[in-house]
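Here's a quick tour for anyone opening this structure for the first time.

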Protein chains: 2
Amino acid sequence: MKKYDKLVKNAAGRMVPTEINGEVQVPFMGIGKFIPTGRKFAPRISSCANYPADGNKTIENLKEALIKAGLKDGMTISTHHHFRNGDVIANQIFDIAHELGVKNLRWFPSASFPCHEPLIKYLEDGTINRIEGSMNGILGKFCSQGRMQGVGVLRSHGGRYQAIQDGEVQIDIAVIAAPTADPFGNATGDRGPAACGLLGFALGDSQYADKVIVVTDNLVPFPCIPWQIHGNYVDYVVVVDKVGLPEKIVSGTTEVTKSPDRLLIAEMTAQFCDEAGIVRDGFSYQAGSGGTALSIGIYFSEILKKRGWKARFIRAGSNKYPVQMLEEGLVDYILDGQTFDLEGVRSMRENDGHINTSPFTSYNFHGKGNFASMVDVVILGATEVDVNFNANVVSHSDGYLLHGIGGWQNCLFSKCTILPIPLFRDRIPVVKDEVTTLCAPGELIDVIITERGIAINPLRTDLIEKMKNTTLPIVTIQDLKAEAEKICGVPAKPRFSDEVVAVIKWVDGTVIDAVRKVIE
Amino acid sequence: MKKYDKLVKNAAGRMVPTEINGEVQVPFMGIGKFIPTGRKFAPRISSCANYPADGNKTIENLKEALIKAGLKDGMTISTHHHFRNGDVIANQIFDIAHELGVKNLRWFPSASFPCHEPLIKYLEDGTINRIEGSMNGILGKFCSQGRMQGVGVLRSHGGRYQAIQDGEVQIDIAVIAAPTADPFGNATGDRGPAACGLLGFALGDSQYADKVIVVTDNLVPFPCIPWQIHGNYVDYVVVVDKVGLPEKIVSGTTEVTKSPDRLLIAEMTAQFCDEAGIVRDGFSYQAGSGGTALSIGIYFSEILKKRGWKARFIRAGSNKYPVQMLEEGLVDYILDGQTFDLEGVRSMRENDGHINTSPFTSYNFHGKGNFASMVDVVILGATEVDVNFNANVVSHSDGYLLHGIGGWQNCLFSKCTILPIPLFRDRIPVVKDEVTTLCAPGELIDVIITERGIAINPLRTDLIEKMKNTTLPIVTIQDLKAEAEKICGVPAKPRFSDEVVAVIKWVDGTVIDAVRKVIE
């Protein structure tokens, strides 16, 4: 099988393969231009006659469960990153696959982390053909070096649900690590010794995979409440000593930034949103887990408090700051896709207003709408932006694939997308002529806020009009680039070979860019 | 189109058509014998590009929504009985269809009620071809008289989900009457002026129908929490003055029985369960909403209290009695499929242990297991039983179709199924040589408890052994029949023509019996 074939220029001007890993691809056609005409993937019909009447689906161990699930060469195995860098199950799965001599697996994690470094040996010996999912850190570098046998495929959280739903990725075996479960397979992430919050990233897998294995270290009698994952989709339940490392569940920066530059960016962002009329009684926002984003949230909360307003909802990645706002009555709901600290986990368990969401409800572009486009303002990061407002979130300026897309692409559909970013990092400008990897078309990026100026996308004439009397330093994106280069000089470009090592999917399953092998 | 074709004898010995309404049928093959080999129904893939970015799917009125949804001849229209006899939306739908001159619709309600009597004119004029769903009261009589153009199809709640999931019934337009909803289509039944509890009967429709319309009289800003129905499945939202009549939501007997015979049956049932070791710390049960069932629940609760035990869960149809047990700490969870009074609605809104279920989680036989088989004991009614423990729940001894199946067939899979029934009703014996309509094969009915004796199914040698020293009057089913006939005489049989007017589906979609036209 050729890794990829026939490159064409897509609607974003990027050369992308029309076939990868033996599967035909649709090149990116523009935002909202690719309209699917097919039908959703249709999983096999099961029968209760083939499942234990007493509801007890427990199996001695993971190896037996994988054997019963029919693990064999070429299968697609999915796992989930609810434990982030504290995941212990994915490595066990491929140890077992290797022990059984199974080859050529497609690993389809919702994200991979440095804790998965041991899997490099299986990528090298052919146990795993490729990773389809974000590759954070060392696995991304491995891919960028052209060492992965298949072509990597990076999808957003919503794109991953879309790919499963639409049958682009057919999962043979989904393994769901669950902090609490019952013998029937009902499972939850919000309680148990390894509580991680929620299991939403595994929702699509549970619904569409051929076989579903729930692994837990906290088996409770039926019914496990809440049932974030329905046992009616589950084939086997395995009890292990430790399902994940709770101390590594905490992710992202959990403290507000102390950097004067970042605090300035945060303050400018909050002021911008306020002056543009975005902050209002009943507004909604989504901010990430970085120190700058946390600080912006605090500014928002101060504005609300001062004016006696209340936000309608915060889309999260939750942590102690939105939880505090919820508990202080400054917001009606947290619509949470992933808890980023243990206060988030606690709140999800305890607060009726702290709501579980999933990539299906929030992000799936092939649904009858989703939540992302209803958010008033979303605050995102980026590794690079260019003078056309295009943005990159997966690779660094040195060309290496080092981050996943997460929900980033999906969030861009909000009413206002703001990237508060430093003008340069390690003396490398963040604003460039062209992004190394295109993850977002510029038309979806509305505002770029740096410590040395704010650029509003010329398409957003409404925002430009609203800000015409501001004291904030409104500049052009070209100004920002010039300023950065004045300070840092024009950065050297990374050197790439022609070889495609990974592709970036757009939210509709089309290919928006290809990632090439770095020449070291 | 012939209404039906080619009758064969199925595994239960009943003559059933192999084709109805132009669709090929599988005759009942025995319990757990029909193993599906196909794939689930695959709905069309949608795109957010075709839905409003601001999430506002509201449409002026139901007529516009139906027109936008493409209402046309021959379509399948689904509605739900969460309002029971207080439904006002189904009649409006077919008024509109009639006004638009649309013909030959298949109405696919989760149940129909006397309030739907106005639809008889549309069954007569060809607006509606047939009802597939339970037909309570006058609509059942209309069908039994052979006046419906198509053949009626009766399914259990689980069988309805199965039929949707498996694509046996493809819904063109689902209309979901919701006590509260947001403009995106997220909807809940547990709050709002017409609160009815839950919307679980519409779950499968929302997931698989081509177009989904939510109708509400209580529109709230996004997000509607909880979202029992996900707006991501919804096409249009319509706001009306009144979505249902809350005063008619209350259903079933809401008070314990005062009849001495029924109290005796209830007491015998509780004693039987206790002596057979079914009532224990951590046990589970399901009882209906009739006066006898309520009384049995009270006996159970007294046993638990006396011994310091706690039930793990009650499967419900909830009302104030299970709610009281939950709030007194006598049970961990109510797993509720349908609230039967306003205390049930309140509790579902307020108590974390009062859990929403759906026909998918509880009853769908074509899932990877379901909840029904995990329940320790289920207490059900029946219109007739026969000497082989076969039971009927849809027709009376006069031959008329007067009840739906509800969850009755699905519940039979519990660890012990008990029918506490009077030996005769209106001087007509309930125990007969052969049931008029076969809804349940006798092997699933474990115990029949009447005021004059208890018959244990000979298959349940374990129960017979456990009860060998009881003071309860254990008799044979033949004894019960003889006793009834001694008192009432042998009842006259209803007279039927050969014409099939409806079929009864088993939980796996096969045809277990046919209902014939009554000769009046």
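Let's start at a loop: Pro223(A) is found between β12 and β13 (236-239) of chain A, and the peptide bond joining Phe222(A) to Pro223(A) is cis, with omega at about -5 degrees. Helices (H or I, at least four residues) and strands (E, at least two) are DSSP runs, numbered from the N terminus. Keep in mind that this is a predicted model: local features need pLDDT of at least 70, side-chain atom pairs count only at pLDDT 80 or more, and totals for chains, interfaces and linings use all residues. Residues are numbered from 1 along each chain as its sequence is written, while chains are lettered from A and ligands numbered from 1 in the order in which they are written.

- Most residues other than glycine have a negative phi, and most peptide bonds are trans.
- Chain B has a cis bond to look at too, running from Ile225(B) to Pro226(B) with omega near -5 degrees.
- Pro226(B) sits in the loop between β12 (211-216) and β13 (236-239) of chain B.
- Arg84(A), in the loop between β5 and α2 of chain A, isn't a glycine, yet its phi is positive, near 50 degrees.

- Strands β1 (residues 4-9) and β2 (residues 15-20) of chain A run antiparallel and are joined by five bridges; strands count as paired if DSSP finds at least two bridges between them.
- Val8(A) has Val16(A) in β2(A) as its bridge partner.
- The hairpin of β1(A) and β2(A) has five residues between the strands, and Gly13(A) takes a positive phi there, near 85 degrees.
- β2(A) also pairs with β3 (residues 23-24) of chain A, antiparallel again, over two bridges, and Ile20(A) stands opposite Glu23(A).
- With two residues between its strands, the hairpin of β2(A) and β3(A) has Asn21(A) at a positive phi near 50 degrees.

**A parallel sheet in chain A**

- Seven strands make up an open sheet with parallel pairing, in the order β4-β13-β12-β9-β5-β6-β7 of chain A.
- Which strands stand at the edges? They're β4 (58-59) and β7 (128-131) of chain A, each with a single partner strand, so one side of each has no neighbour in the sheet.
- Helix α2 (residues 89-99) of chain A packs on this sheet, touching β5 (76-79), β6, β7, β9 (173-178) and β12 (211-216) of chain A, and its direction makes about 155 degrees with that of β5(A).
- That angle is taken between N-to-C directions, on a scale from 0 to 180 degrees, with axes fitted to C-alpha atoms (for helices, over the stretch in contact).
- β6 (residues 105-109) of chain A runs parallel to β7(A), with three bridges joining them; Trp107(A) is partnered with Ile131(A).

**Chain B and its neighbour**

- Chain B puts 49 residues in contact with 49 residues of chain A.
- β15 (311-318), β16 (331-339) and α11 (359-362) of chain B are the elements giving two or more residues to the chain B side.
- That side of chain B divides into 25 nonpolar, 16 polar and eight charged residues.

- Three strands form an open sheet with mixed pairing, in the order β20-β19-β24 of chain B.
- β19 (residues 384-386) of chain B runs parallel to β24(B) and is joined to it by two bridges, with Val385(B) partnered by Val431(B).

Methods:
Contact = placed C-beta atoms within 7 Å. Nonpolar A, V, L, I, M, F, W, Y, C, P; charged D, E, K, R; others polar.
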